[in-house]
Amino acid sequence: MTTLQATFKKISTAFYKASDAPSNTIAKEPGDTGIAPENTNLTMGQSEPLLALRGITKEFPGVVANDHINLDIFAGEIHVILGENGAGKSTLMKIVYGFYQPDSGKMSIQGEEATIRSPKDSRQIGIGMVFQNFSLIPAMTVAENIALFLPNQPVFLNRRTLSGQISEVAEKFRLHINPEARLGELSMGDRQKVELIKLLLCHARVLIFDEPTSILAPHEVERLFSVFDELRKEGYAILFITHKLQEALSVAHRVTVLRHGKVITTVPRAEVDGRSLVSLMLGVEITEEAENTPVEQNPLNPVVLEFRNVFTSSISDSHGLDDVSLSIQSGEILGVAGVSGNGQQQLGEVLLGLHCKSQGNIRLFGNDLDHWSVSRILQSGVSYIPEDILGMGVVPQMRVCENLVLGEIDKFGSGGTWINWGEVKAQLDQVLNTFPLPLAGHDARTDSLSGGNIQRLVVARELICNPKLLIAYYPTRGLDVMTAEKTRKLLLDCRAKGGAILLISEDLDELLALSNRIVVMYQGKIVHEFGYCNASAYDIGLAMTGHR
Amino acid sequence: MNSLWLIILTGALTGAMGPGIPVLYATYGELLVERAGLINLGTEGSMLMGACFGFIATVETDNVAIGILAGSLAGALLSLIYAYLVIKRHTNQLATGFTLALFGAGITAYAGKGFVGSRIEGINPVAIPLLADIPLFGRAFFQQDILTYVAYIMGPLLWAFLHYTRPGLSLRAVGEQADIAFAGGRNPAAWQFGAIIAGGMLAGMGGAELSLGLTHCWIEGMTAGRGFIAVALVIFSMWSPLRAMVGAFLFGGAIGFQLQLQSIGAPISPFVLDMFPYVITLFVLTFWTGIALRAMPEGLKEVLKMNA
Amino acid sequence: MEHAEAEQRDLSGQFQARCIDLVKPLIRSLTGIGLALVVFGILLGITSRNPIRIYANLFSYTFGSTAGLSEVGVLMIPFLLTGLAAAIPARVGLINVGGQGQLYLGAWAATGVALYSNIDSIWLMLPAMAIAGSVGGTLWAAIPTCLRQWRDVNEVISTLLLNFVAGLFVNIFVFGPWKSSGSYGYPYTPNFSAAAILPSIGSTRLHWGFIVPLLAVTACYFVFGRTTWGYNMRAVGGNVNASVRRGIPVTRYIVVAMLSGGAIAGLAGMIEVAGIHRHLRPDINLQFGTMGFLASWLAGHDPVVLLGTTFLLSSIMVGGDLLQISANFPSAGIYILIGLVFFCVLGFRRLRDAAK
Amino acid sequence: MNRIEHQKLLQHILIAGCLVISVILSSAALAKTADAAWSMATKPTKNDLAGGSPEIFSKAFHDCAASSQFQPTAAFADAAKPLPTGTKLKIGFIFVGSQQDLGYNQAAFNGSRYLEKIYSNVEILRAENIPENAEVQRVAEQMIGQGAKIIFATSFGYSGPIKQIVDKYPRVVFLHQGDLEAKANYGAYFGDIWQLQYSNGIAAGRMTKSNKLGFIGAFPIPQTLLNCNAFELGARSVNPKVQTTFVLTNNWADPAKQVTAINTMAGSGIDVVTYQQDSTRALVEAAERKKMYVCGYHEDGSPSAPNGWLTGAVWNWGPVYAELVGEIIKGTYRPCVMFAGLEAGWVKVARFGKSVPPDVRKSVLDTVERLRSGMIKPFTGPIKDQGGTVKIKDGVMPTSAQLQTIDWLMDGVIGRTK
């Protein structure tokens with residue numbers, strides 16, 4: 001049978017467990033699975049929706065992000081918007097919150113039409129949003145951050161009443177926080193609390209959470225969900241955006257599935273299970289799934305990269321490596337799963353020597369990496385697809401061809417110090433004409449390209465040199481499904497050619513589809529390693545959130 | 001020997017406030033601008049505008065109040081150009097600032113020509129009853145003109161404004177992260193515009209204090225680079241109005257101290273002492289980097305390309 | 001065959017694009033300058049001076065006479081060099097406001113050599129001074145560079161502050177140990193020996209030092225546009241994070257760019273004292289540093305465009321003297337014109353260009 | 001597109017608006033440029049010379065011509081050539097500071113205006129704020145380009161750069177204010193204004209109560225040191241106990257620093273000050289506010305300080321320039337280094353302030369007369385410097401030129417020359 005079906009089985013069985021037998025899972029929390037459906041129905045029946053979207057359409061150059069979205073949110077429900085990366089979830093929410101203007105379509109709050117031009121408007125009509133990267137100012141205190149968003153504050157801020165209000169709400173929903181603390185010194189979880197308190201004090205009725213759990217430790221996730229339930233009971237409407245089915249299933253009353261900017265369906269939680277959601281989410285057209293032929297790891301294959309008990313200091317809000325040991329052989333894809341900010345960023349950085357390690361040693365192709373320059377490492381056959389393409393991968397104001405040869409210009413043209421771009425382009429064309437991904441023209445300014453285009457550019461740049469070791473962060477992020485598939489294929493080809501790949505991704509399906517082995521990172525540690533056969537999205541998910 | 005040092009100290013103190021105050025005003029102004037996440041090197045120009053047009057207005061109307069008003073307006077007028085070019089046309093802030101300093105010098109030299117000889121009553125010192133009698137410091141601090149006292153009060157007021165008022169909060173938010181301020185319903189451009197204008201006004205007042213209060217005269221280029229010292233002091237003060245007061249006082253003191261040292265024939269080059277404000281600022285930046293970086297508004301880091 | 005054709009098309013397309021890129025801003029800038037002149041003309045008119053006559057007189061002198069042109073050249077020399085001193089670091093994303101200070105230190109070091117080394121061959125002395133000058137500038141630029149690399153002190157602030165320090169530092173010497181005994185106590189160093197003087201061309205004040213900036217500009221043009229170094233510099237300036245991850249030795253580029261900026265500014269100082277002043281004095285400062293910085297921004301840090309902007313600035317400055325001699329216009333008034341030119345040109349610039 | 005247009009329009013309005021305002025103010029300003037009234041006589045009278053004798057005045061020029069070792073050059077021939085009717089003789093004036101600095105440069109500027117008054121067929125080209133470096137060459141050449149036949153370089157610092165170009169322009173007469181050597185077409189002249197700093201010293205020595213005097217200089221140049229010494233000498237001659245504190249601002253015209261200097265001096269008990277600064281108004285008024293006495297320099301500041309003003313030293317360049325130009329036109333001028341003072345009326349004593357009692361006025365005026373008639377020569381040795389080494393030997397009477405090279409402060413003066 002095709003691995004596709006195999007994968008499906010694994011994933012869906014996982015969710016069976018999640019939904020039906022909520023033992024020893026975070027699904028224990030009150031108000032997750034123990035939702036009385038009639039209760040939900042009652043909420044829905046009772047009144048017209050708190051927030052209603054009709055035919056919302058938003059088009060970006062080259063891609064329709066939202067395509068006639070219709071959506072009803074009722075008071076007192078937790079509504080999950082589910083969809084894979086790039087399905088248009090965030091765009092939709094940004095429209096609701098007034099960051100974008102929809103090309104067409106309208107919104108109504110409690111029946112009456114609402115035109116939202118700016119976040120200010122949306123807050124006035126009671127819509128609040130918690131962003132993936134919070135809208136908080138690190139240099140200011142909690143109280144100040146909140147005061148910044150509170151409507152009708154007096155000209156002279158009265159700190160006492162302010163902290164009064166804050167602690168009041170904090171008490172009510174068990175969000176304990178020190179109003180005078182400098183935000184920069186708070187943990188992610190606490191920052192989220194601040195965001196939440198902010199919304200509550202702003203009298204938001206509709207609370208939008210954009211991937212709130214992605215940067216949270218599991219216990220924090222649990223607390224968040226319990227807070228969700230409290231809020232729901234208070235009659236708030238909660239809009240919860242995620243691509244993690246398991247979370248969706250654990251808290252939702254109703255689930256709306258987005259794919260390619262379209263609403264596939266909106267169903268009550270009670271009527272779906274993991275399996276059906278998975279198929280809805282991934283859709284039907286994923287026919288040519290990448291062939292992940294499970295190669296028997298031949299222990300004789302040379303070890304390409306080896307970490308031995310590596311420690312690094314943590315930077316601001318992401319964990320440092322904590323006694324990490326791993327090794328990749330050639331012809332192997334090692335998947336690294338983990339909620340972002342749990343140390344996987346450092347893996348690549350410390351390898352390139354951008355972030356120096358405090359202990360342990362790293363061996364590349366058998367030699368010790370201390371005091372190797374980045375260029376020397378790259379020269380020795382390493383490629384690197386950074387996590388933030390625009391920020392770390394390309395020079396925005398350069399032309400495409402210039403970015404394609406970034407850093408290794410001396411390999412192109414006649415070599416030496418003089419550049420003849422005509423020559424360089426010719427050579428590039430030669431290399432790229434066999435390359436399956438479509439690339440933008442050589443002379444286009446990179447910052448004029450779409451995200452997907454830039455991603456392809458970088459992937460191409462890093463793969464055409466047939467790396468012996470590829471560090472790939474989220475290689476398919478922002479790519480449409482077809483290209484994503486092509487990219488995965490490329491990775492497999494690379495492995496087939498004997499390349500080793502360190503694949504860091506949040507997309508478990510992708511990891512499962514490609515990796516020979518998967519290690520899970522949590523708070524800088526490698527908490528678990530799965531072989532190809534015994535890996536399951538569900539177990540990985542648990543490990544990622546620090547269980548076991 | 002002791003008495004000698006006492007003399008020096010008194011001299012330095014009596015000298016300290018005078019030249020410090022105009023710079024202090026300019027520093028307040030620049031501080032507001034930088035808190036809004038911009039850097040305006042045109043402060044020098046605004047000061048000159050204030051000094052010149054403040055003086056002209058006083059000559060024409062024989063009314064110091066109008067003079068001060070005109071001065072601050074003139075300062076604001078010049079910074080208006082900066083505001084427009086930087087915010088609306090996205091010109092480079094440093095280049096625009098420098099140009100503005102030149103432009104101000106030109107305009108004032110040109111406009112003030114016929115007033116160089118003019119004589120004015122100016123702002124005269126008023127002694128504060130009891131405080132003025134404090135032995136050493138009384139005469140230095142509390143026998144000054146009204147603008148000086150205003151400057152004393154303005155420091156704490158600005159500090160309170162920045163930390164305890166809603167507008168102050170908005171201003172800092174804009175300077176820290178404009179997009180978040182926007183999410184908070186503020187219009188960053190508008191706030192920055194306001195901050196620049198206010199900064200220009202304060203610099204203008206500084207200029208007015210220079211020509212009306214301190215010297216009672218106008219000659220072209222009379223600010224002699226004090227606008228740039230103000231920029232240095234803002235950084236020295238790590239964007240706090242209170243520390244700015246200390247900085248300005250030290251700067252003034254340095255001048256007084258230097259003249260005093262000369263007058264006892266002490267073998268220290270005056271030029272070394274003139275370096276004082278700049279070198280100190282550099283030292284502060286070098287040895288308190290961490291604090292400085294934390295105190296520095298994010299927006300300013302953007303401008304200075306420090307987030308790379 | 002076909003491939004070559006494609007190449008051809010590609011190139012011609014590129015060429016056209018390049019031309020448009022060049023011409024459009026040029027037109028905009030010229031409109032800006034025009035506007036500035038008009039406004040300034042109005043200003044002159046209001047104060048009962050005849051702008052047409054003044055402009056005519058100005059142009060005929062500045063561009064129509066060897067004297068005028070040579071004077072423009074004399075000013076262009078330091079402007080170009082300090083301009084490059086700002087433009088080179090700008091390539092790697094640094095902002096060097098310190099051309100002024102570096103120029104001073106260059107002049108100081110060159111003077112030191114001229115006064116205290118008794119070389120009597122011009123062929124040895126001038127190079128020695130040039131080296132000293134650039135070393136002086138380099139060292140002065142090294143301070144902010146080190147502060148930036150080790151204490152991450154922002155280079156804009158440090159260079160700005162160091163400008164003022166430099167001037168005072170030089171004064172210590174000119175008023176102190178270096179003061180000439182023959183200057184009746186006036187603060188000048190002794191005059192340079194003949195060997196330490198850049199010979200001037202014909203009867204003009206223009207001296208052979210003018211070759212240096214021309215060479216420098218040409219070099220920069222090729223390095224920036226045609227070599228891997230220039231390309232890597234652009235990469236570093238465009239996105240440090242990307243560059244470092246692609247193995248470009250970012251630190252090396254940053255340090256070298258900053259230091260060479262300093263060196264060039266220092267060279268400017270040496271050329272000034274050796275070619276024009278022929279001794280060091282407290283007021284060799286003509287805001288060369290500031291002017292160069294502004295010219296560089298006006299030129300978008302493009303060495304070739306820099307030729308144009310510095311020419312513009314220096315002709316305005318030269319015209320300024322004439323303006324006050326013949327039209328009895330206050331000397332500082334010329335800064336009004338400079339200001340106007342900047343405001344109009346920068347103001348007319350397309351937002352996208354302004355961004356860079 | 002439309003928005004861009006709109007923005008441009010706004011921008012123009014902004015700039016134009018800013019300009020219009022400044023222009024309105026400035027045109028108002030230019031209207032009321034102060035201007036001293038001078039007599040229209042072609043030959044200076046005793047009155048023009050403020051009591052100096054016309055005979056000595058013209059004799060000084062004749063002596064100069066006689067003593068000059070230079071033969072007439074083409075320059076003088078040209079200048080002397082009768083002008084074609086309708087054209088004017090162009091004379092260039094180069095000032096180091098602002099023409100209205102109420103100080104050194106304004107004195108020279110007023111002199112140039114006097115020229116215009118005297119000679120109907122003279123046109124003056126002026127350039128101000130020309131730094132004391134090679135820039136002055138360009139300016140001079142531009143003036144020559146504009147047809148100037150005579151160039152007045154009115155600051156010492158110009159001597160070097162100008163002397164580099166004089167040979168290049170043999171058909172132009174260069175006149176330098178303060179240099180100590182002449183060339184074929186390059187003459188020098190300067191006034192013994194220190195004489196009046198001596199009489200200032202008399203007033204100061206009589207009026208001081210604390211016996212602490214102050215001298216605020218800009219740079220430690222000979223003129224300044226000479227004046228300070230003369231001041232101390234004068235004060236000492238009437239009050240042996242006085243000490244003069246010598247302070248430098250390192251800036252010719254930074255009013256703020258001047259005021260600070262006054263304040264610090266007041267702080268340390270000094271009660272009479274004099275100075276060598278440009279733009280002296282601020283300084284004088286500050287002293288007045290500090291209830292100090294002021295002895296002036298360059299400009300008659302009595303209106304600024306009704307109570308504090310004692311007396312002062314004032315330039316009287318007008319007649320000098322007029323005579324120089326006249327001699328040149330006549331063809332009788334020969335380059336030399338000229339010095340003259342009270343006797344020839346090149347400098348004059350300012351009005352007395354109302355707080356100066358009659359006896360003091362009398363002794364000051366007596367001193368002035370005795371200086372004028374040469375009965376006293378203040379710098380007659382022995383004079384020691386601060387270190388106590390004898391700088392002017394017993395009985396020696398240095399010439400004006402020698403005095404102009406003094407680089408030391410005499411004992412009794414506190415302060416440093418470096």
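In chain A, residues 24 or more positions apart account for 71% of the contacts with a separation of 6 or more. The model described here is a predicted one. Chain A contains 19 helices and 20 strands, and 50% of its 548 residues count as buried.

Within chain A, six strands form an open sheet of mixed pairing, in the order S6-S7-S8-S3-S9-S10. Strand S6 (127–130) and strand S10 (262–268) of chain A are the edge strands, and each pairs on one side only. From one strand to the next, the twist averages 20°. Strand S9 (residues 254–259) of chain A runs antiparallel to S10(A), and the two are joined by six bridges. A:Arg259 has A:Lys262 in S10(A) as its bridge partner. Helix H3 (residues 89–97) of chain A packs on this sheet, where it touches strand S3 (78–82), S6, strand S7 (206–210), strand S8 (237–242) and S9 of chain A. The direction of this helix makes about 145° with that of S7(A). Helix H7 (residues 188–201) of chain A lies across S6 and S7 of chain A and runs at about 175° to S6(A).

Elsewhere in chain A, A:Gln523 occupies the loop between strand S19 (517–522) and strand S20 (525–531) of that chain. A:Gln523 and A:Gly341 are 182 residues apart along the chain, yet their C-alpha atoms are separated by 7.8 Å. When residues up to four places away in sequence are not counted, A:Gln523 touches A:His319, A:Asp322 and A:Asn342.

Chain D also contains an open sheet of six strands, with parallel pairing and the order S2-S1-S3-S4-S5-S11. Strand S2 (122–127) and strand S11 (337–340) of chain D stand at its edges; each has a single partner strand, so one side of each is left without a neighbour in the sheet. The twist in this sheet averages 20° from one strand to the next. Strand S1 (residues 89–94) of chain D pairs with S2(D) in the parallel sense over six bridges, and D:Phe93 has D:Arg126 in S2(D) as its bridge partner.

In chain B, the axes of helix H2 (residues 43–61) and H3(B) come within 7 Å and cross at roughly 145°. The crossing of H2(B) past H3(B) is right-handed. Residues that make this contact include B:Gly45, B:Met49, B:Gly50, B:Phe53 and B:Gly54 of H2(B), together with B:Gly67, B:Ile68, B:Gly71, B:Ala74 and B:Gly75 of H3(B). By class, the contact of H2(B) with H3(B) has twelve nonpolar, eleven polar and no charged residues.

The contact between chains B and C draws 40 residues from chain B and 38 residues from chain C. On the side of chain B that touches chain C, two or more residues are given by each of helix H3 (64–88), helix H4 (93–111), helix H10 (226–236) and helix H12 (270–287) of chain B. Among these elements, H4(B) gives the most, with twelve residues. The residues of this side comprise 24 nonpolar, eleven polar and five charged.

One residue of helix H12 of chain B is B:Phe271. B:Phe271 is buried because 21 other C-beta atoms lie within 10 Å. Its touching residues, not counting those up to four places away in sequence, are C:Leu168, C:Asn171 and C:Ile172. Within chain B, the C-alpha atoms of B:Phe271 and B:Gln258, 13 residues apart along the chain, are separated by 9.2 Å.

In soluble globular proteins, nonpolar side chains tend to be buried together. The largest nonpolar core of the model has 533 residues. The residues with the most contacts inside this core are A:Ile208, A:Leu239, A:Leu502, C:Leu84, C:Met129, C:Ala274 and D:Ile94. Helix H10 (residues 250–277) of chain C gives the most to the core, with 16 residues. C:Met129 touches C:Ala110, C:Val113, C:Ala114, C:Ala196, C:Met270 and C:Ala274, again not counting residues up to four places away in sequence.

Definitions and conventions: Residues numbered from 1 in each chain as written. Chains lettered and ligands numbered in written order. Predicted model: local features only at pLDDT ≥ 70, side-chain atom pairs only at ≥ 80, totals over all residues. Contact = placed C-beta atoms within 7 Å. Helix = DSSP H or I, 4+ residues; strand = E, 2+ residues; numbered from the N terminus. Nonpolar A, V, L, I, M, F, W, Y, C, P; charged D, E, K, R; others polar. Axes fitted to C-alpha atoms, helices over the stretch in contact; angles between N-to-C directions. Left-handed = near helix turned anticlockwise from the far one by under 90°. Buried ≥ 20, exposed ≤ 12 C-beta atoms within 10 Å, placed from the backbone. Pairing = 2+ DSSP bridges. Core = buried A, V, L, I, M, F, W, Y, C linked by C-beta atoms within 7 Å.
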